[in-house]
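Student: Hi! Could you walk me through a couple of spots in this protein?
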Amino acid sequence: LNRRIYARRVATQGVSHKNTIRDGVNLSITLTEMRLLDESKTLIRDQLLPAARQSLGPDDELTLDINANLAQSLAIDPGRTRGDLRLNQHSAHRVTSTRPVFIHGLSQATTCSKPRQSFRT
C-alpha cells in the first residue's frame with residue numbers, strides 16, 4: 001500500500017515535494033520493519049535523501065529524519081559492509097550534530113559481518 005501511495009505522489013507532485021518525501025519516508029520505515037533492508041537503503045540513499053537535501057535543505061527536520069532512518073537501516077543490517085558502516089557513521093553524525101536523538105541499534109554497528117576486500121594487484 002505504501003508503495004502505491006509513494007508512486008502516486010511521485011507521479012502527481014514530483015520527487016522533490018515535501019509530501020512525496022514524507023510518503024517515501026513512511027515507505028522506507030515499512031520496508032525496514034519488514035526487514036527489506038536493501039530496498040529501504042536504496043530508496044533512502046538514491047531517492048529520498050538527495051531530493052530532501054535539494055528541496056528542503058540539509059538541516060530540515062525531515063532531512064534529518066531521513067538520515068536517522070538510513071542510520072538505523074544500516075545499523076540493523078547483518079549483511080552490512082565497511083562502506084555501509086562509514087555511511088552509517090556519517091548519517092548518525094549528521095543527525096546528532098544538529099539535534100540530540102537516539103538511533104535504536106546504532107551501537108550494534110561497530111562490527112562488520114563481511115570481510116574487507118583487498119584491492120591489491
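This is a predicted model: local features need pLDDT of at least 70, side-chain atom pairs count only at pLDDT 80 or more; totals for chains, interfaces and linings use all residues.
Student: Where is proline 50?
Tutor: Proline 50 sits in helix H3, which covers residues 37-55.
Student: Is proline 50 exposed or partly exposed?
Tutor: Proline 50 counts as partly exposed, because its relative accessibility is 38%, between the 20% and 50% cut-offs.
Student: And what does proline 50 touch, beyond residues up to four places away in sequence?
Tutor: Proline 50 touches Ile44 and Arg45.
Student: Where is the kink in H3 centred?
Tutor: The kink in H3 is centred on isoleucine 44 and comes to about 40 degrees. Ile44 is also among the buried residues of H3, along with others including Leu43, Leu48 and Leu49.
Student: How far apart are the end C-alpha atoms of H3?
Tutor: They are 25 Å apart. With 19 residues at 1.5 Å a residue, H3 should span 27 Å, so the two values agree.
Student: What follows H3?
Tutor: Glycine 57 comes after H3, and its phi is positive, near 100 degrees.
Student: New topic: which helix holds asparagine 69?
Tutor: Asparagine 69 belongs to helix H4, residues 61-76.
Student: Why is asparagine 69 called buried?
Tutor: Asparagine 69 is buried because its relative accessible area is 15%, and the cut-off for buried is under 20%.
Student: Which residues is it in contact with, leaving aside neighbours within four places in sequence?
Tutor: Asparagine 69 is in contact with Val25, Ser28, Ile29 and Ile44. That last one, Ile44, is where the H3 kink is centred.

Key: Residues are numbered from 1 along each chain as its sequence is written. Side-chain values use heavy atoms; hydrogens and water are left out. Helices (H or I, at least four residues) and strands (E, at least two) are DSSP runs, numbered from the N terminus. Buried means under 20% relative accessible area, exposed over 50%, partly exposed in between (1.4 Å probe, protein chains only). Contact means heavy atoms within 4.5 Å. The expected span of a helix is 1.5 Å times one less than its number of residues. The bend at a residue is the angle between axes fitted to the seven residues ending there and the seven starting there.
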